[in-house]
Amino acid sequence: MKFNFKNFTFKKAVKYGFIIFSFLFLSFFIAIYFGYFGRVPTNKEVQLFQNMEASEVYSADNILLYRFDKENRLNIPYDSIPKHLVNALIATEDTRFFEHSGVDIKSLFRVLVKTIIMRDKSSGGGSTITQQLVKNYFPRKSHRFFSTPINKLEEMVAAYKLEQHFTKEQLIEFYFNTVPFGQSAFGLESAAQRFFSTTTSKLTVEQSAVLVGMLKASYTYNPVKFPEASKKRRNIVLNLMKEAKFLTQKEEDSISDLPLVTKEKRLVRHVGKAKYFTEYVRSEMKKWLEVNKKPSGKDYDLYKDGLKIYTTLNYEMQQYAEQSVSKQVKKLQQEFNYEWQNEEPWSAIPVVLENAIKNSSRYKRLKEKGISEANIRANFNTEIPMKIFTWDGDKQVTMSPLDSIKHYLRHLHAGFIAIEPQSGHIKAYVGGINEQHFQYDHVKTKRQVGSTFKPFVYTAAIEKGVSPCDMYPNILIKYPQYEDWEPKNSDWIYGGEFSVWGALANSTNTVTVQLMEKAGLKNIINLAHNMGIETKLPEIGSLSLGTAELSLLEMTRAYTTFPNYGKPVHEVFLTKIVSRDGENLPLFEEKIKKPVYSEKTGEIMVQMLSKVIKNGTAASLVYDYGLYNDLGGKTGTSQSQADGWFFAFSSNLVTGTWVGAENPSIHFRTMDKGQGSHSALPINGNFLRSLNNNQSFKYYLTGEFKKPSKEVLKLYDCLSRKGVPSPKKDTLDIVIDSLTIDPSNIVLDSIQPQN
């Protein structure tokens, strides 16, 4: 069929063009109405529309730990807003606010004629208060060439929907609680405090006019920065209020003559408590947000939806933990500085400093700007004013960026966590020494674990039928299956025999490796994973002596199986999530786990690990801290004293500590200062002693271990035999000469002892 152009008149062209245009516009409008471009709320969302409200994190003892707010926003009800302030808003922004249904057709025609056709920019815009509310609450999106029409239509549709569901007073409340005023003031209440040091309900007419005037341009009419411009704008608002008959001529004249008086108040954001823990909560809540939706079907937003998140953390215990970490690491830092004095701890490995420079944000920023390497180095050697962390408080200094990097490289760090073994509840969580200056969370970072891995080897061996009184020779043995690896003891002492429990208490490497052979390396790896180790473990002989890099969190999780006599538990940080409407929301699903080793093995391991405290490397926990309770534990030290570890447990609490520098190449010179019993154990000791001295927390330490069965007691009838270690003695586990690398790439014959 051919189209007859002769019969296609101009009139028909206009007609068909109009039909096509109408169809396209209708389709376009329907797409916007039903939220195809993302900003228009559904009818269900409109019904649930509320003020933006930060979600809050609470401790188990109901202390506010943190507010997930990106802005200084304090919501207020409509009743707190003075009438003259509402009048100022309506007179200035939307005189027909109480007459239209979200879209002011008259204003749109005024914009079309005066602003667009006549190019009169002073005629104002056509957005209603409700449309501005939509713009504040649902930020505009880019749609390239069609951004303006799409965004404008979306705001009209959304405004209409909101007007159908809410009263005008509610919309004004929403508007004033969302509007930004600049200088970190979001919402009317924050602005009243920021610029006039008062509350919204006490704002005067002239102060109200200043704030409403700022809505046109919050920076240009900032009353603190530009008082003259702000005063002129204030008087324009007062004049508009007079024209709208909200003020008489006399009132306008008298108020306009008043000087503009501000009273600044710096808004202090909620800095929060237990910051490493609340950051852990934020990261874990991401998983919760992925599977839980609002009644509207949309995603929850931690920063807008006002959730109340109740955690397992006990804030008083948290304070004990933070104090213990600070006290010990401050002492260790003094010892570290004394050992190295004027020498740089990385002098033998200069690449450590070089990498620190190139990984710094300053270096990356300068590099992105295309600045030459020579000029970057010059920049790093130029002194500038800066604030730095010290153990005597933050200090304002003049220092080069290079010296700043060196300053921070020398710092020692620590991580600490306390978990209830039966419930998995995290009771204390310290990820570092100062969350403002050091963001790395050392509860989650992975480091070489040293001898703290050995209990997994012994547990697997006991499961294979090894008895705590079995005797093993303390001799050097080459293992051809591991390329003639010959593991050595840290004290270089050989000869005689050790009982199994004595070898664990004394952390004897030669016997541990023999037990690894007895248990089977694959069995040890499988058991460790079943106990809670999530990191893939290398199938190499040195694993038995602790060459794996694991996190404090997963190690502490694995240690909970000991007071649970074989039953693993996953850590829990949440007890309740409540919506802003008071509804209890679902928590993570807890999986009930079966025991991963027998109860008999559990009884034997509890007894063996308690002997580490009473007779072995962790004996100072008793005689230095007066902890005569039923306790078990294990010390650990990695290569070159780069990592100090200690885990302790009672029947009701498991605690874990790591200490070291951020870079493993930076460490104590000597074993005396760097070993886990000296660096990490005191943090646990001070924390547990604080609990023991507080009647409210004695529960965590007064519980006794289960009395071993007669069968297990018979297995320990060996105290008169060889292998009883002397108390106070600490050992290093193993040392790997190469400071580099992944444990799976270790050259096995390079393993040496260290003193």
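My opening question: is Asn62 exposed or buried? Asn62 is exposed, because its relative accessible area is 52%. For reference, buried means under 20% relative accessible area, exposed over 50%, and partly exposed in between, with a 1.4 Å probe and protein chains only.

A note on the source: this is a predicted model, in which local features need pLDDT of at least 70 and side-chain atom pairs count only at pLDDT 80 or more, while totals for chains, interfaces and linings use all residues. Residues are numbered from 1 along each chain as its sequence is written, and side-chain values use heavy atoms, with hydrogens and water left out.

**Entry: the loop of Asn62**

I stayed with Asn62 and looked up its backbone: phi is near 65°, a positive value in a residue other than glycine. Asn62 belongs to the loop between strand 1 and strand 2. Ser59 is found in that loop too, with strand 1 covering 55-58 and strand 2 covering 64-68. Ser59 counts as buried because its relative accessibility is 2%. I then asked which residues Ser59 touches, not counting those up to four places away in sequence. They are Leu65, Thr311, Leu313 and Tyr315, where contact means heavy atoms within 4.5 Å.

**Entry: Glu483**

Glu483 is not a glycine, yet I found a positive phi of about 60° there. Glu483 sits in the loop between strand 11 (471-473) and strand 12 (497-499). With a relative accessible area of 61%, Glu483 is exposed.

**Entry: the whole protein**

I noted 29 helices and 20 strands; helices (H or I, at least four residues) and strands (E, at least two) are DSSP runs numbered from the N terminus. Of the 755 residues, 54% are buried. Among contacts with a separation of 6 or more, 72% join residues 24 or more positions apart. The protein exposes about 35,500 Å², and carbon and sulfur atoms supply 53% of that area, by the Shrake-Rupley method with a 1.4 Å probe.

**Entry: aromatic rings**

How many aromatic pairs are there? The count is 32, where rings of Phe, Tyr and Trp (its six-membered ring) pair if their centres lie within 6.5 Å; planes under 30 degrees apart are stacked, over 60 edge-to-face and the rest tilted. Phe166 and Phe174 have ring centres 5.1 Å apart and planes at 90°, so I logged them as edge-to-face. Phe166 counts as buried at 12% relative accessibility, and Phe174 counts as buried at 7%. I also traced a cluster linked by ring pairs: Phe453, Phe456, Tyr559, Phe562, Tyr597, Trp645, Phe647, Phe649 and Phe705.

Next I looked for charges over rings (NZ of Lys or CZ of Arg within 6 Å of the ring centre and within 35 degrees of the ring normal). The charged end of Arg233 sits over the ring of Tyr221, 5.8 Å from the centre. Lys611 lies over the face of Trp501, at 5.0 Å from the ring centre.
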